[in-house]
Amino acid sequence: MTAEPAGRSAGVHPRGGHVTKPTLASRQAALVAALVAGAPVPQGFDERLVGVAEQALRRKRAGQVAAVWPHLAASLGDSWTDHFSRWARGRPTKGGLRDGWDMARELALLGELPPLGVAELAMREVTVRYDGRTAPRPRRCPALRVVPGGVVLGVFGRAYRLGG
Amino acid sequence: MRTTDVLPPLGLGIGWRPEIAGLVADLPGLRFCEVIAESLRHDGVLPEPLDALRRRGVTVVPHGTRLSLGGAEPLDPDRVRHFASVAAALEAPLVSEHVAFVRAGGLEAGHLLPVPRTREALRVLARNVRTLRAELDAPLALEPIAALFDWPDDELTEADFLTELLDQTGTWLLLDVANCYANARNRGTDPAELLDRLPLERVAYVHVAGGDEHGGIYHDTHTAPTPEPVLALVRELCARHRPPALMLERDGRYPPAAQLHAELDAIASAAGLPRITTGVSNTTLAGTP
């Protein structure tokens, strides 16, 4: 096969400086980056269709996150899928648990997390420690969070809602 | 049974999912189901309802979704070990995976992505299939996916690519008629033409499912009832060569039992197979053409 036009993922030889034919590995990496991390669509692909796939992946993630964060999803009602999809644009998944957690914390900071979501986030935070960067781990000490109309207490891995 | 088939005639089955375990357990004529390999535990302990099906003689095929057989990076040995241990725990006569890749460059795609239909991709697939089969006792069936886009440098037609892949790797074909329908509809081609060019005698079993349309593109989501054009494709396929087994895939927005039963009956009817929803004894489920 003759040389083909080099894509954006074409490798430039680190020392020689000449353009080499990109490997399948680098082309696959460029495609995944376009689909989940906001990288440009590699040359030659149908930009519209790759965009359709990118959106479909975010919709699929919205369903997966809703399965782990049912109250967060329910708190945003019919707009959940659109809401999550907008949030997830250009953010590779860290798994449903952490994606939902990151999103809930961001909404909470902005004051845009509805009460159901506030309660679910609090129930999680009092039983599991999550630093936002590494995998969440169970808490060893009791923890308390204020939620609308009461508090949530986490002790021995269980969350209790008091008041309200 | 045709001696060349990898499975005995098992009729109509369904994808086992925890959410519909009760409904699946109550299908009196069921002899075949499939389970997502990655949903099973590493220690080989099976979910009780699935193990109960196995004990009553239902054939359970593990279906891998995350091995990334089409990935240019080497297979993850832990994933291969898990897949092999699941197959052993199920005493599966067959296992299946996809003609796809799901991760690259340290990023998970979260879905099955197409490989280019090139010689290079064939070499990658053949290498990965060899690695996987070295750990497996059971034969392997490969499923072509529903792809929303193609690579710009395809060298082979889909039928030629798949035929060459099966020949080179000694694998079977897991044909998903819903994927055939989705691809043909989105590319503006005729799905029945693909059936004419595929080696149907190498079909191990068949997936049937429904999807949704968004913005003029059909997505094979498994969250909607099987549409009539997919049932028509089941009829087309079975008129040419009825596979030993077919099964419904449903992965969310599960309908009430009556609706799922009606869908299973519609597929059985399209395939010319006995219903599995009524109290037929297993021994009458011949399914041989």
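Modeller: Start with the open sheet of chain A, where three strands lie in the order β3-β4-β5 and the pairing is antiparallel. Two strands pair if DSSP finds at least two bridges between them. Strands are DSSP runs of E with at least two residues, helices are runs of H or I with at least four, and both are numbered from the N terminus. The edges of the sheet are β3 (143-147) and β5 (158-162) of chain A, each of which pairs on one side only. From one strand to the next, the twist averages 20°.

Before going further, note that this is a predicted model, in which local features need pLDDT of at least 70 and side-chain atom pairs count only at pLDDT 80 or more, while totals for chains, interfaces and linings use all residues. Residues are numbered from 1 along each chain as its sequence is written, and chains are lettered from A and ligands numbered from 1 in the order in which they are written.

Within the sheet, β3(A) is joined to strand β4 (residues 150-155) of chain A by five bridges, and the two run antiparallel. Across this pair, Arg145(A) stands opposite Val152(A) in β4(A). In a regular strand the side chains alternate between the two faces of the sheet.

Strand β5 of chain A holds Tyr160(A). Is Tyr160(A) buried or exposed? Tyr160(A) counts as exposed because it has 11 C-beta neighbours inside 10 Å. The rule is that a residue is buried if 20 or more other C-beta atoms lie within 10 Å of its own, exposed if 12 or fewer, and partly exposed in between, with C-beta atoms placed from the backbone. Tyr160(A) is 136 residues from Leu24(A) in sequence, and 52 Å from Leu24(A) in space, C-alpha to C-alpha.

Helix α6 (residues 115-125) of chain A lies across β3, β4 and β5 of chain A and runs at about 175° to β3(A). Axes are lines fitted to C-alpha atoms, for helices over the stretch in contact, and angles run from 0 to 180 degrees between N-to-C directions.

Now place the sheet in its chain. Chain A has six helices and five strands, and from the N terminus on its elements run α-α-α-α-α-α-β-β-β-β-β. Of the 164 residues in chain A, 29% are buried. Among contacts in chain A with a separation of 6 or more, 41% are between residues 24 or more positions apart. Two residues are in contact if their C-beta atoms, placed from the backbone, lie within 7 Å.

Among the helices, α2(A) and helix α5 (residues 96-109) of chain A pack with their axes 8 Å apart, at an angle of about 85°. α2(A) and α5(A) are therefore roughly perpendicular to each other. Angles of 65 to 115 degrees count as roughly perpendicular, under 35 as roughly parallel, over 145 as roughly antiparallel, and the rest as oblique. From α2(A), the residues in the contact include Arg61(A) and Val65(A), and from α5(A) they include Leu97(A) and Asp99(A). The contact divides into four nonpolar, three polar and two charged residues. Here Ala, Val, Leu, Ile, Met, Phe, Trp, Tyr, Cys and Pro count as nonpolar, Asp, Glu, Lys and Arg as charged, and the others, Gly among them, as polar.

Chain A also touches chain B: 26 residues of chain A are in contact with 24 residues of chain B. On the chain A side, the elements giving two or more residues are α1 (24-36) and α2 (47-68). That side has 17 nonpolar, five polar and four charged residues.

Leu175(B) stands opposite Val206(B) in β9(B). β9(B) also pairs in the parallel sense with strand β12 (residues 245-248) of chain B, over three bridges, and there His207(B) has Met247(B) as its bridge partner. Strand β9 (residues 203-208) of chain B is mostly covered, with six of its six residues buried.

Asp212(B) has His219(B) in β11(B) as its bridge partner. This hairpin of β10(B) and β11(B) has two residues between the strands, and Gly215(B) takes a positive phi near 55°.
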